[in-house]
Amino acid sequence: MPLGLRGRKKDKSKETSMLVEAEAVVAGGRGDEAAAAAASPPAQVPIRLLFHTQLAHGSPTGRVEGFASVRELYAKIAEAFHIAPTEIIFCTLNTHKIDMDKLLGVQIGLEDFIFAHVKGVKKEVEVFKSEDSLGLTITDNGNGCAFIKRIKAGSLIDQIKVICVGDHIESINGKTVVGCRHYEVAKNLKDLEKGQTFMLKLIEPLKSFDMIEPRSKGGSFAEGKIVRGKETLRLRSKGPATVEEMPSDIEEKAVKKVDDLLEMYMGIRDLELAATMVEAGKGKNNPDEFAVALDEALGDFAFPDEFVFDVWGAIGDAMQGRF
């Protein structure tokens, strides 16, 4: 999908603040510390980041630290509660409810509390595809588990009350999609022939009694006493985690707009992917340069030209304050 300059690859240089795995150990008494301070300027002490977590349906509080990627975070949470990482469907921040607006994405505030939603009841649902669009938006947890993020009101799936937001899609017509990315699952659903019946195997998140709510959306954010820090931990499905400043309002608007375009073109929601695309657009002067940067960062997706132009326009509109 060339736009003119896509054949040229540009070197990228990223300066990041790596997540440090070790804590500094200070030896000696007060006299030794004073002498050392007088002899040389104080060195920066590495900080080991620590997050608190619970299972969303109820559990004691656990602690996780020393992770540098999404997969490692899920492994640490699973270790804290003696479960398999594959049992976790998704995580929410600062609420135990199934609230897709609080979904753990690319940023974790340094004071955020993590709630892990694990697999519960299995369901088999027969669906007659009477329309081209099912009305589903799919996302995944970055650890091989795709799930339903949104059900469009009045859509075909909206009429099937047993299918809910948060449900993990395990298989389609007997073919497992465990380990598939969200865009692969969305394509499989889109490619199903209209006028035919297909079978979905789903697993809903395990719920406590106070979490039983309307099927299409989670509860409101009630845990107001938990606040976000000014810095966040940026998680990536590939590459190390980094500590960064909170994204600006302009950057957040750009990411949300690109996420909307991902849903429109591909039927998926992925804030990490949207943020990566916005980051790729920084410092680019035209859509051709942007297309080259996208190919370098996300070449496996093979985005169509029309989508690339729309994303470029959305980023430009956000940066110019036109939203």
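Which residues does Pro 60 touch, not counting residues up to four places away in sequence? In this predicted model, Pro 60 touches Thr 53, Gln 54 and Phe 81.

**Pro 60 and its loop**

Pro 60 sits in the loop that links strand S1 (50-55) to strand S2 (62-65). Its relative accessible area is 65%, so Pro 60 counts as exposed, the cut-off being over 50%. Ala 80 lies 20 residues from Pro 60 along the chain, and the C-alpha atoms of the two are separated by 10.0 Å.

**The chain as a whole**

Seven helices and twelve strands make up the secondary structure elements of the chain. The chain has 323 residues, of which 45% count as buried. Among contacts with a separation of 6 or more, 65% come from residues 24 or more positions apart.

**Helix H3**

Helix H3 spans residues 182-190, and its buried residues are His 182, Val 185, Ala 186 and Leu 189. Viewed down the axis of H3, these buried residues fall within an arc of 100 degrees, so they line one face of the helix.

**Strand S3**

Strand S3 covers residues 88-93, and six of its six residues are buried. S3 runs antiparallel to strand S5 (residues 114-128), and five bridges join the two. Within this pairing, Ile 88 stands opposite Val 118 in S5.

**Cysteines**

How many disulfides does the structure hold? The count is zero. A disulfide is a covalent bond between the sulfur atoms of two cysteines. Buried or exposed: which applies to Cys 91? Cys 91 has a relative accessibility of 1%, so Cys 91 counts as buried, the cut-off being under 20%. Cys 164 has a relative accessible area of 17% and is likewise buried.

Methods: Residues numbered from 1 in each chain as written. Predicted model: local features only at pLDDT ≥ 70, side-chain atom pairs only at ≥ 80, totals over all residues. Heavy atoms only, no water. Helix = DSSP H or I, 4+ residues; strand = E, 2+ residues; numbered from the N terminus. Buried < 20%, exposed > 50% of the residue type's maximum accessible area, 1.4 Å probe, protein only. Contact = heavy atoms within 4.5 Å. Arc of directions from axis to C-beta. Disulfide = S-S within 2.5 Å. Pairing = 2+ DSSP bridges.
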